[in-house]
Amino acid sequence: MLRAIIIFISLFVLSGCLPEPEIQLSGIESNKVYPDARIIKIDEETAGTFTMQLNGKDIQNGHEVTGNGEYELSVTAERWWNEDTKTITFEIDDQPPKKPEFKDELKKIYYKEVKFRLVKEDGVKYKVTMDGKPNDIGKAYTKEGEHTLYIQAEKENGLTSDKKVNFQIDNRTYSRNTVDTFKQLYFHNGEKSLTEVIKWTYYVGVYVHGKPTTQDSKVFKSYFDRLNEMLPIEFKILKNGTSNYTNHQLDIYFVPTHKFKDYGFKEDLRVGNKQVVGVAIPEKVTTDGKIITSKILVGTDTDQQLRKTTILHEITHSLGLYGHLEDTKKSILYPYNNNRITKLSEIDKKLIEILYREDIKPGMSEKDVQRVLEPRIKG
């Protein structure tokens, strides 16, 4: 009897000192999303006898999980009659978030304000900056000028994608008369009417031919210098015989008017009692309204002062403004050079400004132009 009691006490004491199993895992944590493969490891010494199941299937220690998806790991560890269990859920997703998208079509130029409406993806956080500073994309942005919107999308797995949007808030306005004059000049100007906007879209190599005088050269250089200050493109005067630095080319020929026919001018040199002393001819224009090559003819059989007006008149035409302003003698686009104009008038500057707005695109119809300019009409 005494012996049995001693054995029972020994077993009782011994069982109280048995270490319990401890499940120590590495490679995964519960509720985490990973962007790459995972290797599941268990500390066998602390676990004792164990079994592991991944999504209901037995796996061994050191098992590598490679496929995208959601996983549940169940672990049972036993030591003697002590038992421990643990369940861990995790996910593998190696796909970055979609590039940020917007509900509205993006424009390069906005009037007064812009509010960007972001298409948000579930489970994705967005970091937004405007010109490098944190920004609340839900609020309208009104600061005039050029800006850069940057959006970074980040998933829980740490993978990211981003989008940069360069835009401008431009609050320039135009009078109703100026807009109507532009449309009249472009789309309702008799023989010179166009059905779509044409303009240069790239910097232009200018080549001068014939026999310009020293004064002629000074005049057209000063005109191009002034236009280069006004326009988003550049006219660069190049020497003949040099290789083109651009595929966009403007040739200016200083020749007697009776030779105009040798350079592609097929019309009469006299219109009523007036003589044609200068011509601008768009030679190559793409189907979507981009001027590639153009030609100007300036008659050398006229006096120097008259040629000043002729040069500026034809250069202005060559920009894409091929109509005339019959009733505006102060404009360089007045069809007769007896006004002796040698500077751009305010209406000329406005017409050039409108044509070379970034949101007035080559190929636009009159309705397209009206839609862009209508919000900007004042008075």
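Two strands pair if DSSP finds at least two bridges between them. Strand S10 (residues 109-110) and strand S15 (residues 160-169) meet that rule, pairing in the parallel sense over two bridges. Welcome to this predicted model, where local features need pLDDT of at least 70, side-chain atom pairs count only at pLDDT 80 or more, and totals for chains, interfaces and linings use all residues. Residues are numbered from 1 along each chain as its sequence is written, and side-chain values use heavy atoms, with hydrogens and water left out. Helices (H or I, at least four residues) and strands (E, at least two) are DSSP runs, numbered from the N terminus.

**Around strand S15**

- Where S10 and S15 pair, Ile 109 stands opposite Gln 168 in S15.
- Strand S14 (residues 145-155) also pairs with S15, in the antiparallel sense and over 10 bridges; here Thr 148 stands opposite Asn 166.
- S14 and S15 form a hairpin with four residues between them, and Gly 158 in the turn has a positive phi of about 90°.

**The five-stranded sheet**

- Five strands make an open sheet in the order S17-S16-S18-S22-S21, with mixed pairing.
- Strand S17 (235-238) and strand S21 (278-285) stand at the edges with a single partner strand each, so one side of each is left without a neighbour in the sheet.
- On average, neighbouring strands of this sheet are turned by 20° against each other, direction ignored.
- Strand S18 (residues 249-255) and strand S22 (residues 291-299) run parallel and are joined by seven bridges; Ile 252 has Ile 296 in S22 as its bridge partner.
- Helix H4 (residues 214-230) packs on the sheet, touching strand S16 (204-210), S17 and S18. Its direction makes about 150° with that of S17 (axes are lines fitted to C-alpha atoms, for helices over the stretch in contact, and angles run from 0 to 180 degrees between N-to-C directions).
- Helix H5 (residues 304-318) packs on the sheet too, touching S18, S21 and S22, and its direction makes about 165° with that of S22.

**A closer look at helix H4**

- Which residues of H4 are buried? They are Asp 216, Val 219, Phe 220, Tyr 223, Phe 224 and Leu 227 (buried means under 20% relative accessible area, exposed over 50%, partly exposed in between, with a 1.4 Å probe and protein chains only).
- These residues cover an arc of only 125° around the axis, which puts them on the same side of H4; the arc is that of the directions from the helix axis to the C-beta atoms.
- On the other side of H4, Thr 214, Lys 218 and Glu 229 are exposed.
- The cover over the buried residues of H4 includes S16, S17, S18, H5 and helix H6 (346-355).

**Nonpolar cores**

- A nonpolar core is a set of buried Ala, Val, Leu, Ile, Met, Phe, Trp, Tyr and Cys residues joined through side-chain atoms within 4.5 Å.
- The largest has 50 residues, of which Phe 224, Phe 235, Leu 250 and Leu 321 touch the most other members.
- Apart from it lies another core, of 18 residues, among them Ile 28, Ala 47, Tyr 71 and Ala 77.
- Beyond its neighbours within four places in sequence, Leu 321 has contacts that include Phe 182, Leu 185, Leu 333 and Leu 351 (contact means heavy atoms within 4.5 Å).

**Two loop residues with positive phi**

- Asn 31, in the loop between strand S1 (25-26) and strand S2 (32-34), has a phi near 65° and is exposed, with a relative accessible area of 58%.
- Trp 80, in the loop between strand S7 (69-79) and strand S8 (82-92), has a phi near 55° and is exposed, with a relative accessible area of 63%.
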